[in-house]
Amino acid sequence: MSLESEIKKRRTFAIISHPDAGKTTLTEKFLLYGGAINLAGSVKGKKTAKHAVSDWMEIEKERGISVTSSVLQFNYEGYCINILDTPGHEDFSEDTYRTLMAADSAVMVIDASKGVEKQTIKLFKVCVMRHIPIFTFINKMDREANDPFELLDEIESVLGISTCPINWPIGCGKEFKGVYDRKEKNVSLFKAAMNGQKEVDTEIVDASDEAVFKDRIGDAFYDKLQEDIELLDGASAEFDQEMVSAGDLTPVFFGSALTNFGVQTFLEHFLSMTTSPLPRKSDQGIIDPFTEDFSAFVFKIQANMNKAHRDRIAFMRICSGKFEAGMEANHVQGGKKIRLSQPQQMMAEERHIVDEAYAGDIIGVFDPGIFSIGDTICKSNKKFAFEGIPTFAPEHFARVRQLDTMKRKQFIKGINQIAQEGAIQIFQEFNTGMEEIIVGVVGVLQFEVLEYRLKNEYGVDIRLEPLPYEHIRWIENPEEIDVNRIVGTSDMKKIKDLKGNPLLVFANSWSVNMVLERNEGLKLSEFGRN
Ligand code: G4P
């Protein structure tokens with residue numbers, strides 16, 4: 001197959017949701033259609049089976065959760081699909097955000113009885129920042145659900161994106177009758193499939209045959225559906241592929257992942273509405289995915305997968321061309337030519353060695369400690385660098401005290417390496433040196449990870465003293481203002497990152513605006529740049 005057709009058939013997306021909305025269940029059903037697994041439910045048998053592969057750290061085993069995100073690849077109807085899975089636990093980390101940088105589109109799973117939840121909002125913001133297409137799957141229609149119009153209103157008002165329902169539910173819970181396809185003007189009747197069954201008995205009824213249709217769903221549901229359709233046709237946004245591609249309009253689908261209802265239609269519509277790998281911006285202009293030369297950027301570093309060797313795996317998203325195992329390429333930030341060895345890919349959470357991969361794919365390569373998040377690797381001697389990955393705002397802060405002062409060197413080395421992998425961010429007091437270290441994390445679990453790893457990998461004991469700050473802002477224009485003279489609030493603190501960039505942390509969100517009002521010309525940003 002030619003390079004072009006290999007790349008054209010690729011679709012790389014992330015699934016975002018609040019924990020328990022059904023992301024894992026939906027992913028399993030996708031894999032089932034692709035034949036990547038034989039029985040849905042075997043990808044992550046929660047607390048048991050999944051330990052085998054993805055839970056590389058003790059802490060994950062103890063908790064029965066997955067701290068890191070993984071990548072799954074499967075083929076379906078001529079497409080090669082890469083799903084970037086993100087941790088479903090509340091205590092997710094920056095990894096979750098960064099994973100979205102590697103995706104070309106996102107699938108947002110919403111629990112029909114809960115609507116838009118906190119974690120979805122956070123992840124959604126990153127998708128908006130990147131203007132990637134977002135597809136909505138409203139799940140659990142087999143249970144009592146909120147009114148579908150209210151769900152759409154909520155998505156529009158809370159997330160600020162227009163919605164376009166592709167299908168429409170008829171009833172919910174025990175009275176869930178099925179979904180109406182607005183374009184085809186037919187109805188798929190709901191027949192719950194056994195968990196794990198691939199082929200669902202879906203009966204499709206032509207909605208124009210009033211008598212048959214009424215007979216199947218009953219008069220009351222029939223009348224309600226007619227009313228809903230009229231309302232929808234009058235009020236909701238029309239489908240517009242350009243708006244979808246720009247991330248301004250989200251196609252909405254209703255279904256039930258657990259009972260495998262509406263999943264295949266969703267997958268098929270989704271695949272036809274998303275694009276193959278998109279061009280990416282670099283400091284030397286746009287890089288076309290179809291160019292011969294291989295290029296990629298590192299979006300995640302996973303450390304110590306094998307404790308005996310202290311090895312690290314750098315996960316990279318291929319942005320252009322073809323990757324071949326053992327190939328030599330330029331590591332732009334390191335200023336050296338390197339050989340990319342032990343390339344790995346995940347297939348239904350099993351790691352295996354790959355010989356070749358294409359733009360759109362994610363590979364993990366052995367990292368002898370040279371890569372940082374955001375680094376570019378390219379075959380071309382032009383040595384361009386892809387746009388940096390933003391530093392996402394930590395929401396929890398703690399002062400780190402080292403218990404044995406004799407181990408200062410190990411402590412500094414350990415904490416810096418862990419920060420380099422992007423698991424934590426480290427800061428210092430604005431006007432003093434390295435002796436005071438403040439750690440910021442996106443999810444509180446990372447504090448435990450830090451403590452655990454410093455002890456187990458570097459032999460250093462620490463004590464973490466929680467700080468009350470929850471909001472962080474990078475000062476965008478430090479050259480224009482005198483940071484020392486910023487008029488703050490009582491709950492504000494000035495700190496700096498490792499590069500000396502000044503930042504402000506606040507305990508209360510309202511203080512952010514107060515400080516902006518008090519200091520004319522001050523510009524603050526929620527995202528930093530690597
Ligand atoms: P997550 O990855 O987003 O965290 O969610 P996950 O798929 O693990 O689903 C969370 C719970 O919701 C699971 O139940 C799952 O079976 C259930 N679920 C997912 N989709 C549907 C659906 O369409 N309808 C209904 N009724 N339930 C659904 P659990 O009891 O917490 O876990 P498990 O023991 O079944 O694995």
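Colleague: What should I know before reading any numbers?

Modeller: This is a predicted model, in which local features need pLDDT of at least 70 and side-chain atom pairs count only at pLDDT 80 or more, whereas totals for chains, interfaces and linings use all residues. Residues are numbered from 1 along each chain as its sequence is written.

Colleague: How many helices and strands does the protein have?

Modeller: The protein has 13 helices and 33 strands. Helices (H or I, at least four residues) and strands (E, at least two) are DSSP runs, numbered from the N terminus.

Colleague: And which domains is the protein divided into?

Modeller: There is domain 1 (9-273), domain 2 (280-378) and domain 3 (396-525); the bounds come from an automatic or database domain assignment. Domain 2 supplies five residues to the contact and domain 3 supplies four residues, where two residues are in contact if their C-beta atoms, placed from the backbone, lie within 7 Å. The side of domain 2 that touches domain 3 has three nonpolar, two polar and no charged residues. Ala, Val, Leu, Ile, Met, Phe, Trp, Tyr, Cys and Pro count as nonpolar, Asp, Glu, Lys and Arg as charged, and the others, Gly among them, as polar.

Colleague: What percentage of the residues count as buried?

Modeller: Of the 530 residues, 45% count as buried. A residue is buried if 20 or more other C-beta atoms lie within 10 Å of its own, exposed if 12 or fewer, and partly exposed in between, with C-beta atoms placed from the backbone.

Colleague: Why is helix 4 described as largely enclosed?

Modeller: Nine of the nine residues of helix 4 (residues 94-102) are buried, so the rest of the structure largely encloses this helix. Among them are the charged residues Glu94, Asp95 and Arg98.

Colleague: Turning to the sheets, what is the strand order in the open sheet of seven strands?

Modeller: The order is 2-3-1-4-5-11-6, with mixed pairing; two strands pair if DSSP finds at least two bridges between them. Strand 2 (71-76) and strand 6 (162-165) are the edge strands, each pairing on one side only. On average, neighbouring strands of this sheet are turned by 30 degrees against each other, direction ignored.

Colleague: How does strand 6 join strand 11?

Modeller: Strand 6 and strand 11 (residues 249-254) run parallel and are joined by four bridges. Thr163 stands opposite Thr250 in strand 11. Helix 10 (residues 263-273) lies across several strands of the sheet, including strand 11, to which it runs at about 165 degrees. Axes are lines fitted to C-alpha atoms, for helices over the stretch in contact, and angles run from 0 to 180 degrees between N-to-C directions.

Colleague: What about the sheet of eight strands, which order does it have?

Modeller: That open sheet has the order 28-25-27-26-30-31-29-32, with antiparallel pairing. Its edge strands are strand 28 and strand 32 (524-525). Helix 11 (residues 408-420) packs on the sheet, touching strand 25, strand 26 and strand 27. Strand 25 (residues 396-402) pairs with strand 27 (residues 437-441) over five bridges, and His396 has Val441 as its bridge partner. Strand 25 also pairs with strand 28 (residues 462-467), over six bridges, with Gln402 opposite Ile462.

Colleague: Now the ligand. Which residues are closest?

Modeller: The ligand is surrounded by 17 residues, the closest being Gly22, Lys23, Thr24, Thr25 and Leu258; a residue is near a molecule if its C-beta atom, placed from the backbone, lies within 6 Å of it. Helix 2 (residues 23-34) gives the most to this shell, with three residues. The shell divides into four nonpolar, seven polar and six charged residues.

Colleague: Finally, what is the phi of Asp20?

Modeller: Asp20 has a positive phi of about 80 degrees although it is not a glycine. Most residues other than glycine have a negative phi. Asp20 lies in the loop between strand 1 and helix 2.
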